[in-house]
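Here is a short briefing to read alongside the structure. Take a look at the model first, then follow the notes below.

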Amino acid sequence: MKLDLFDYELPEKSIAQYPSAERGASRLLVMHRDGGVTEDRSFSDLPEYIREGDLLVFNDSKVVKARLIGEKRGTGARIELFLLSGAALTGQGAKANGSLACECLAKPARRLKAGDEVIFGKNLSASVKARMEDGSVLVEFRFDGAFLDKLEELGHVPLPPYIKRPDEKCDEDRYQTVYAAAPGSAAAPTAGLHFTEELMERLEEKGAMAAFVTLHVGLGTFRPV
């Protein structure tokens, strides 16, 4: 199998920059295995294809505001960091002295060198420790309180690169599944964004079973295969 078999043209005008007005109103393509007949339906019609005893497995990972925008101390240059380290996104890597080491993507990376400091807001800063061979930077965050609380206060929703607009207040809710529980993802498990609480109830009424796993999504979901 060759990777170019997965290539296809997707015009930018066909990529929605905002979600549908109602969660669950997205389109659903149904393909019947016995004959290959397809149907163009709405995602809210999903329970019609679920039978009693079917098991649906959901990823309950929660998206963290993994993008930080700050200023380089001394020059005021705008610097953006995108957190990559799993320990940072779950908050488990934080030390008792209010520090946390994290590998990040930096924009623009060329403006940073070891020893530089970036200020993001009150009681949150990052000092650059090293430039990595893959172009990322290793930084040490300094903060007061809980690190995830600081990200929630000062961070930005990490929208996918094909969304060509800044994140907005509405994204805090819509770029998150209704059953998200465990912080740790730098991107949403997007297949689950279409489920609503009402749809989950309808699936339960049909006799479907639900199981939850926690699989954190990283930057690799946007990288080429």
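In what order do the six strands close into a barrel? The order is E5-E6-E7-E10-E9-E8, with antiparallel pairing. This is a predicted model, where local features need pLDDT of at least 70, side-chain atom pairs count only at pLDDT 80 or more, and totals for chains, interfaces and linings use all residues. Residues are numbered from 1 along each chain as its sequence is written, and side-chain values use heavy atoms, leaving out hydrogens and water.

**The barrel**
- Strands are DSSP runs (E, at least two residues), numbered from the N terminus, and two of them pair if DSSP finds at least two bridges between them.
- Strand E5 (residues 67-72) runs antiparallel to strand E6 (residues 78-83), and five bridges join them.
- Arg-67 stands opposite Phe-82 in E6.

**The pockets**
- On a 1 Å grid over the protein atoms alone, a pocket is an open set of points where a 1.4 Å probe fits, with protein on both sides within 12 Å along at least five of seven lines; lining residues have an atom within 4 Å of a point.
- The largest pocket holds about 1,100 Å³ of space (the volume filled by probe spheres set on the points).
- Its lining has 30 residues, with Ile-15, Pro-160, Tyr-162, Ile-163 and Thr-190 nearest the centre.
- The second largest pocket holds about 490 Å³, and Arg-67, Glu-80, Lys-107, Leu-159 and Pro-161 are the closest to its centre among 20 lining residues.
- E5, E6 and strand E7 (99-107) each give two or more residues to the lining of the second largest pocket.

Note on methods: Helices (H or I, at least four residues) and strands (E, at least two) are DSSP runs, numbered from the N terminus.
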